[in-house]
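This report covers one protein model, beginning with a helix pair and moving on to selected residues and backbone features.

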Amino acid sequence: MKVNDLRSALEYLKTIDGQLVETDVEVDPKAELCGVYRYVGAGGTVQRPTQEGPAMVFNNVKGHPGARVAVGVLASRKRVGYLLDEKPERLGFRMMEAVEHPIDPVAVPQSEAVCQEIVHLASEPDFDVRKLVPAPTNTEEDAGPYITMGLCYGTDPETGAKDVTIHRLCLQGPDTISMYFVPGGRHLDIFREKYEKLGKPMPISISIGVDPAICIASCFESPTTPIGYNELSCAGGLRGEPVKLTRCRTIDELCIANSEYVIECELMPGEYIREDINTNTGRAMPEFPGYIGNALPRVPVLKVKAVTTRKNPIMQTVLGPSEEHVSMAGLPTEASILRMELMALNDFVQNVYCAPFGGGKYAAVIQVKKVAPIDEGKQRQAALIAFAAFRELKHVFLVDEDVDLFDVNDVMWAMTTRFQADVDVIPIPSVRLHPLEPSSDPLYDPSCRNHGCACKCIFDCTVPFEQKDRFKRCVFKELDPAHWVPEMFK
């Protein structure tokens, strides 16, 4: 099946055993919906018990008649492979190729945009974005309902450059949404600062429920996609055809034409709000490292101008610490690392995996192949290149070509039998990390100069080239096991 929006993605998953489950039992979007999926298929850094399981669609959402909620669409590397028509182990390469062969988005008339089949204007009586959009809370501590899979699209007021990214969006009132920007030069934040200096509101469209290729492509960061690179072009490269955009109804901006929901907003200059103003819990929502984030005392404010939807729309959401975040953040990170490794070291690096225990951002396993004495030491150079490719990376694990980098048990085997801490740990102190990593703080280690600045580390679990004969794995007979147990090897 051709996948080009959320609905076609869900229909395709229905045709594959074990990839999608639906329920008509009523579910409360406040903590209950995410609580259910925690057991069904969240995975990632979610507190155990959890598992890798199917995507799930809730067809009966309390307080939102006619609406549905989909979760976990990308919460499995195997499922991402199905949706992008690629082998799971090659997804990083596929993402890299899409960046290098982008296809720019195109604009279509509003009459062709299914995202505007139904239009709700903020000027209408009783307008309330919280009633129109069934955004769930992950936990009972959350500051409020969060849009976690909203594709925020905006324009640089000086250059006209476009950018699309996913941000933490909390529904605060009938026409008010708070928007959190991770410090560190996110492109939309740079645009926002320019509008702020001009004293003008910044038009932003929030598209929810889109082609999974768009969700993943939007998570690319510099230096792979520098400012001015529209990540929707990468999504076009993944699909081999352009993403379709259309003009919003109430703001001077574009939105994704086949979205399930579009929220048309303006980011207000000089206007801020406390993130937990409605709950006073001191908490925001669970983030990808597996901890609940602290509510911020001052975050920018979006004023909603309209909400447009398809008929019987499907809200897409994600559990913050789930495997779904690993897919969205990890695959672009793998592609960014691979791209720089291949440029510098040719085919010495075999593959890269941003494992779930790092949330897709903090940890990478790099597989290398030493074929000559001169290759010794290149593995550590590869780790340094990875840190340059993705500044938020904290730990790099280096393994040989005979180790399955996608199997954490195999990586730990290599670390146990091919690693000595006194010679194979390479710490890199006082380097900028990600602000959501809680141990990177002077409270944890006084050597941290400030929050988010701490020690990165290389774990060299490769065999020294001159000793490769000492570390050969057992060689078993090659055969086709389907001859004996066909039900297990279809």
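## Helix 1 and its surroundings

Helix 1 and helix 3 cross in a right-handed sense. The model is a predicted one. The residues in contact are A9, Y12 and L13 on the helix 1 side and R79, Y82 and L83 on the helix 3 side. Sorted by class, this contact between helix 1 and helix 3 comprises 5 nonpolar residues, no polar residues and 1 charged residue. The axes of helix 1 (residues 6-14) and helix 3 (residues 77-84) approach to within 10 Å, with a crossing angle of roughly 115°. Because angles of 65 to 115 degrees count as roughly perpendicular, helix 1 is roughly perpendicular to helix 3.

Which residues of helix 1 are buried? They are L6, S8, A9, L10, Y12 and L13. The elements they pack against are strand 1 (20-23), strand 2 (55-58), strand 3 (68-71), helix 3, helix 7 (212-217) and strand 18 (314-317). At the start of helix 1, the backbone nitrogen of R7 has a side-chain oxygen of D5 within 3.4 Å.

The loop between helix 1 and strand 1 contains Q19. Q19 counts as buried because its relative accessibility is 8%, and the cut-off for buried is under 20%. Leaving aside residues up to four places away in sequence, Q19 touches L13, P54, A55, R79 and Y82. Among these Q19 contacts are L13, R79 and Y82, which also take part in the contact of helix 1 with helix 3.

## Y37 in helix 2

Y37 belongs to helix 2 (residues 32-40). Is Y37 buried or exposed? With a relative accessible area of 1%, Y37 is buried. Apart from residues up to four places away in sequence, Y37 touches A42, G53, P54, A55, M56, V71, G72, A75, R79 and L319. One of these residues, P54, also has its backbone oxygen reached by the side chain of Y37, at 2.8 Å.

## Distances along the chain and in space

Two residue pairs are described here by sequence separation and by C-alpha to C-alpha distance. Y37 and A98 are 61 residues apart in sequence, and 31 Å apart in space. For E124 and A306, the separation is 182 residues in sequence and 9.5 Å in space. E124 sits in the loop between strand 5 (118-121) and helix 5 (129-132). At 33% relative accessibility, E124 counts as partly exposed.

## Backbone geometry

Most residues other than glycine have a negative phi, and most peptide bonds are trans. The table collects the departures from this pattern that are described here.

| Site | Feature | Value | Location |
|---|---|---|---|
| R48 to P49 | cis peptide bond | omega near 10° | P49: loop between helix 2 and strand 2 |
| S222 to P223 | cis peptide bond | omega about 5° | P223: loop between helix 7 and helix 8 (231-239) |
| N312 | positive phi | about 50° | loop between strand 17 (299-309) and strand 18 |

N312 is partly exposed, with a relative accessible area of 45%. S430 is also partly exposed, at 35% relative accessible area.

Conventions: Residues are numbered from 1 along each chain as its sequence is written. This is a predicted model: local features need pLDDT of at least 70, side-chain atom pairs count only at pLDDT 80 or more; totals for chains, interfaces and linings use all residues. Side-chain values use heavy atoms; hydrogens and water are left out. Axes are lines fitted to C-alpha atoms, for helices over the stretch in contact, and angles run from 0 to 180 degrees between N-to-C directions. Helices (H or I, at least four residues) and strands (E, at least two) are DSSP runs, numbered from the N terminus. Angles under 35 degrees count as roughly parallel, over 145 as roughly antiparallel, 65 to 115 as roughly perpendicular and the rest as oblique. A crossing is left-handed if the near helix is turned anticlockwise from the far one by less than a right angle, and right-handed if clockwise. Contact means heavy atoms within 4.5 Å. Ala, Val, Leu, Ile, Met, Phe, Trp, Tyr, Cys and Pro count as nonpolar, Asp, Glu, Lys and Arg as charged, and the others, Gly among them, as polar. Buried means under 20% relative accessible area, exposed over 50%, partly exposed in between (1.4 Å probe, protein chains only). A polar contact is a pair of N or O atoms within 3.5 Å; within protein, one must be able to donate a hydrogen and the other to accept it, and residues adjacent in sequence count only if both atoms are side-chain atoms.
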